[in-house]
Amino acid sequence: MSLVTTKDLMLDAQKNHYAIGAFNAENMEMVQAIIAAAEELRAPVIVQTTPGTLKYASPAMFHAMVAAAASEASVPVVMHLDHGSSYELAMQAFRAGYTSVMIDGSHHVFEENIEITKKVVEYAHDHGVVVEAELGTLAGIEDEVKVEEGHASYTRPEEVEEFVTKTGCDSLAIAIGTSHGAYKFKPGQKPQLRFDILQQVSDRLPGFPIVLHGASSVIQAVVETVN
């Protein structure tokens, strides 16, 4: 089937208490593996590229690979820009045919985050593309996103309604204590996830799609609790 957006998929996931996996692809073999796994599990999937990945090959190149693989798949496949670092990069993804983009303005102050996110949303919605935004910052390293442990910040639940209303974003990435990178939940570690923040955000945005980054190696019991 052709590429789809996350909008209906995420609403169904939110309603039925499951998560949709989003996986970064760096080359053709990773695209094939991600979609093959989704087919085996009969699960919708989000294939995404980061700003760093797009220095290796263009958005058009990655879109062509994912679109070709999706055309042969029987499960819904979304093509997503992960941690879009600027309005200009989001525009490149739009023009290449991505069906979903993230604009990560979390390193800006609240008002500036709203401003840049709203600008991307207005263009995206005019062209049938959905937008993920972010409030709060995760520790760790993913591609070009690097945040020291002491500089991470939890999402403030009291800000989410204003942010979503003013920006018009379609989903919101929040920070509850997960972190970027694969080396979490090692023996001896006791990560403290703020399920209270997740609950408050869900209460303030009933039925609204929530995104959690930093899922690599998160233990299954925690994933089930989040779902």
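Student: Which residues have the most contacts inside the largest nonpolar core?
Tutor: This is a predicted model: local features need pLDDT of at least 70, side-chain atom pairs count only at pLDDT 80 or more, and totals for chains, interfaces and linings use all residues. Residues are numbered from 1 along each chain as its sequence is written, and side-chain values use heavy atoms, without hydrogens and water. A nonpolar core is a set of buried (under 20% relative accessible area, 1.4 Å probe, protein chains only) Ala, Val, Leu, Ile, Met, Phe, Trp, Tyr and Cys residues joined through side-chain atoms within 4.5 Å. The largest has 52 residues, and the most contacts inside it belong to Val77 and Leu172.

Student: Which helix gives the most to this core?
Tutor: Helices are DSSP runs (H or I, at least four residues), numbered from the N terminus. With 7 residues, the top contributor spans residues 87–96: helix α5.

Student: Within what arc do the buried residues of α7 fall?
Tutor: Helix α7 covers residues 157–167, and its buried residues are Pro157, Val160, Phe163, Val164 and Thr167. They line one face of the helix, because seen down the axis of α7 they fall within an arc of 95 degrees. The arc is taken over directions from the helix axis to the C-beta atoms. For α7 the value is 95 degrees.

Student: Which residues does Glu159 touch, beyond four places away in sequence?
Tutor: Glu159 is in helix α7. Glu159 and Leu135 are 24 residues apart in sequence, yet 8.6 Å apart in space, C-alpha to C-alpha. Contact means heavy atoms within 4.5 Å. By that criterion, Glu159 touches Phe110 and Leu135.

Terms used:
Buried means under 20% relative accessible area, exposed over 50%, partly exposed in between (1.4 Å probe, protein chains only). Helices (H or I, at least four residues) and strands (E, at least two) are DSSP runs, numbered from the N terminus.
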